[in-house]
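Dear colleague,

Please find below the structure that I am handing over to you. My notes on it follow directly after.

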Amino acid sequence: VPAAQVRVLDEQEFVPPVRPRRAASMAYLRPLLAREPALYRLTFSGLAWLTAALFLLGLLHFHAAAGSESAQMLAGKLFAKNQSFTYVPADPFQFVGDGWYETGRLIITASGAPVQELAPVRPIGLPLIYAACFWLAPSETLSVAWAHFVNPVAAAMAVLGTFFLARFAGGSFLGMLAMLAMASGQALLELGHDPAGHSVSLALVTWGMFLLLKWWRGGDLLPGLLAGLLLGYAFTISYLNAVMGVPLILACVFAWHWRRPFASTVEVMVPILAWWLPVAGLLYYNRRTTGTWTAHHAVADLAAIDADNILHNWPALLAQLNDAGVYFLLPLGLMGLLALCARRLPLGLTMLCWLALPLLAFAAYAWATFGTAYRPVLLLVTPVVLFGAAYVLRRVLYAPSDAAPQLVEGEDPYTGEPVYMLADPPTPLWRSIAAPVAAGLIVAAAVAIGASRASGEGSAMPAEHQRLANLAALGDFLRVNVPSDAVIFVEPPAGSYGTLEHLSLSADLVLYDAQAFTTRFARRMAEPWSPLADDGGPNPIRQGRHVFLAEQYAALPEGGLSLQVQQTIDRSLEEGREAYLLMNGIAARRFEQAHLLRGFETRTVASFHEWPPIVREEDSIAPTGAEWSLVRITREPQVTVPGTVAATDLGEVVRR
């Protein structure tokens, strides 16, 4: 409203005409809230970096350079040494972890026995990162430690990315609260050390979506290029991340401008082509290595994926997501995403696809609700849930007052003349304080519950740290006491898991599972393969591996298990390598009586005592740590009777 109610019409003739602006090359995304002051944003950005660093230090408090799933890390180690991800055992009975599958090629070893060529089941993106650690580390011991640092660092970067993502929806303060909720989530705290790379996948997706929104807002080439590369590389970490290509394509479709079709097509194709580069590289590698597009095609795992499983799995999956996730922030996040669809449909649909598609794809898996299998997909969708929660909290707690707008005097930005304009009344002081306090209380409850359930007394995180610390110490024990390329038979104690997987990575040994030379395991291989394991989950032994081992065990004569053990030890000793047993004293004596009664001599050279596991206060008897005995196997010395010739000197006698 002009301050002067009457204006001379002739004055308008002297106003310079405004040239029409050229249509933009993209339909840019409008921000959800007004831009905050620079100092305010800078302060909270510094706090976010500090919080991420503190989170990393806290996570490293429970860190140990060990893990139960080491197939991808071992593949990275093999690639750093041999420029190949494939693994070829020394003989058919050598230990092979759960994360490998058969490429379909058989290789004949020096002893004449056929062995299968194996490749990692999961994609090769994470092994490439691990291979870089093995390349750059100054020693092999440090290389294993550096590789295990990848996932905690990625978890801290995912927490930092959550702040910048949620800041777009709710501002810096709510972005900081979302960051704290992400850092205290039970799933992230428990999977932050997992060598399977769930935190790496989370960091790539979070930063990829943040950069995608940044590109959508301004149209800059670099954020769009990086967004496509990060989301595409996330596919090389986990095949489930293929669904993140849908939000990327949706954002590009909504950003396309019909008034400048050619220039707009060039702009929106940059993220799509960048996303396709790592995806095409992985598919080409799989096709060249195994003749199939993914490992799931090669091992027939796709039979466990069916849309009908969604109806069966979704109630239990939803309960698990709410119980182990961010608790009551989950319904708030869903409400916020639906409200965003009502007000800003393009952005709302893009973010809602990030939430819905991974959940639906994972619910179609037959074993989606088995054990803790749901935790990786929970991690993947947690940032978008917090994005929606930040948006709805901003709309509710920081909504403008119901009071009528006031007529205030201002200045015309073009002419500098005084004008009258409508403006919202000033926010009362009590409301300025109550809104952030209410948001902080809501998030503080979720933070307290998640952190206490993950790291409190009786939780799994301290016990898991103790187990991994024992594994790391056992690997160091073998590196000190056993030379490289030695043959070693290992029998983990009852209830232990992941021991053989970690030892196959931490020490350069020819590793055998002692249980593989028992009649019980041979009978198990003689039975038909089943996709179900004894505990009701997926069978860790692949069908191709089971059929191959069944043929090897069937070809053994009576007493062939002991003969196979003796031949393996003889071959090792003839080549100048050593042979050992690693198990407790009772198991070692049982193994000796079953397989090493004649021709061999055993001697305990070292022992290792694990730290006792963490127990709860109500447990009346405190368990003790497992005890390992390192037993060296040598040939039995020949006893020469006077007047006879020792067998070892027979060749010299003949020559004479």
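A search of the whole structure, which is a predicted model, finds 0 disulfides. Cys 353 illustrates this result: the closest cysteine sulfur to its own belongs to Cys 341 and lies 8.5 Å away, which is too far for a bond, because a disulfide requires two cysteine sulfur atoms within 2.5 Å. Cys 353 has a relative accessibility of 17% and therefore counts as buried. Cys 133 is likewise buried, with a relative accessible area of 12%.

The largest nonpolar core holds 127 residues, and the members that touch the most other members are Leu 32, Phe 55, Trp 100, Leu 213, Leu 347, Met 351 and Phe 387. Helix H4, which spans residues 140–183, gives the most to this core, namely 23 residues. As general background, nonpolar side chains in soluble globular proteins tend to be buried together.

Leaving aside residues up to four places away in sequence, Leu 32 touches Phe 168, Ala 169, Leu 340, Arg 344, Leu 347, Phe 387 and Tyr 391. Two of these partners, Leu 347 and Phe 387, are themselves listed with Leu 32 among the members of the largest core that touch the most others.

His 546 is found in helix H19, which covers residues 543–554. Is His 546 buried or exposed? With 7% relative accessibility, His 546 counts as buried, because the limit for that term is under 20%. Its side chain reaches the backbone oxygen of Met 525 at 3.4 Å. Apart from residues up to four places away in sequence, the residues that His 546 touches are Arg 524, Met 525, Glu 527, Pro 528, Trp 529 and Ile 541.

Ser 562 is located in helix H20, residues 560–574. Its relative accessible area is 18%, so Ser 562 is buried. Which side chain does Ser 562 join in a polar contact of 2.8 Å? The partner is the side chain of His 595. When residues up to four places away in sequence are not counted, Ser 562 touches Ala 594 and His 595.

With kind regards

Key. Residues are numbered from 1 along each chain as its sequence is written. This is a predicted model: local features need pLDDT of at least 70, side-chain atom pairs count only at pLDDT 80 or more; totals for chains, interfaces and linings use all residues. Side-chain values use heavy atoms; hydrogens and water are left out. A nonpolar core is a set of buried Ala, Val, Leu, Ile, Met, Phe, Trp, Tyr and Cys residues joined through side-chain atoms within 4.5 Å. Buried means under 20% relative accessible area, exposed over 50%, partly exposed in between (1.4 Å probe, protein chains only). Helices (H or I, at least four residues) and strands (E, at least two) are DSSP runs, numbered from the N terminus. Contact means heavy atoms within 4.5 Å. A polar contact is a pair of N or O atoms within 3.5 Å; within protein, one must be able to donate a hydrogen and the other to accept it, and residues adjacent in sequence count only if both atoms are side-chain atoms.
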